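Here is a short briefing to read alongside the model. Take a look at the fold and the surface, and then go through the points below.

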Amino acid sequence: MRYYLSLGVILCTLFTLSCSQNQKNEKETQNFADSTLTQGNSANEVQDKKELQSRAFLKKADIKFKVKDVINSTYSIESICNAQRGFVTYSNLTSTINKKEIIPVSLDSFVETSNYSVSNSVTIRVPNNKLDTVLKDIAANVDYLDSRIIKADDVSLELLANQLTQKRINKSETRVATAIDNNNKKLNETTAAEDLLLSKQEQSDRSKIENLSLTDQIKYSTVNLAIYQSDVTKRATFANEKVIKRYEPGFGSKMVDSLLLGWNIVIEILIFFSKFWAIILAGLLFYFLYRKFIKNKFPIFPKA
């Protein structure tokens, strides 16, 4: 009996040790698998990051939105651009009159009612790594978003192609220049070689300029903004010069002025005739003598 009990205890002990060892092995295997997976993921992330950094993206954004006030929003956008070391390349702020109405409100004035709209087209260049920040800051001015288009073109291969083209042209240019220096042939052949060298140099310059242009566009993203606001109605009062009449005095003033004018005329007549007092006196004297002494004896108009 004791033999069987001892045998059972030994078997239970061995079974327990075996289970513990299996669990330990499974745990170690799981830890190894997790470690391997983590290392693999980290390696993949590093590889993806390197590949992303090796790429060159040309980013552009086209956004159209409504604001509360175009002028204030324009100042805000310019400040945001300057704060992120960007610059404004184009700004066209315009006001367009949609409707104008003139209403007379009195004899000498009228009210002009104008309905107009204000808009602005702005183009800014910002550092490529600051594009997201600039767009988020500009979004604070948006009252209603019409459209938002962001494009990122991978131009890595184009840059590489231009670099390879430039290297090939430079090598060819070097060979042509060496051939010209070592060539003692006729002038016509030398001239043709010189023209070929000049053509190679021009191709190399074009490739270099294209790469510089692409590099600039990669370094600074371009953002085109079209902003507008609700139509504005403005009223202003103006003097109506067309219906203003010359000032005229009242009836009483006119009557007094007429009496004074008549009296002045009488005075002027008296003054005028007073200048001829001697002639008038001689005429009166002659008339008196004529009636007194001469009329009956020598009539001027004899009776029939």
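The chain has 7 helices and 6 strands (DSSP runs, with at least four residues of H or I for a helix and at least two of E for a strand, numbered from the N terminus). Along the sequence they follow the pattern α-β-α-β-β-α-β-α-α-β-β-α-α. This is a predicted model, in which local features need pLDDT of at least 70, side-chain atom pairs count only at pLDDT 80 or more, and totals for chains, interfaces and linings use all residues. Residues are numbered from 1 along each chain, and side-chain values use heavy atoms, without hydrogens or water.

**Burial and surface**
- Of the 304 residues, 19% count as buried (under 20% relative accessible area; exposed is over 50%, partly exposed in between, with a 1.4 Å probe and protein chains only).
- The chain exposes about 23,800 Å², and carbon and sulfur atoms supply 58% of that area (Shrake-Rupley method, 1.4 Å probe).

**Aromatic pair**
- The whole structure holds 1 aromatic pair (ring centres within 6.5 Å; planes under 30 degrees apart are stacked, over 60 edge-to-face, the rest tilted).
- Phe87 and Tyr220 have ring centres 5.5 Å apart and planes at 55°, so the pair is tilted.
- Phe87 in strand S2 and Tyr220 in strand S5 are 133 residues apart, so the pair links distant parts of the chain.
- Phe87 is partly exposed, at 34% relative accessible area.

Terms used:
Phe/Tyr/Trp six-rings, centres within 6.5 Å; stacked < 30°, edge-to-face > 60°.
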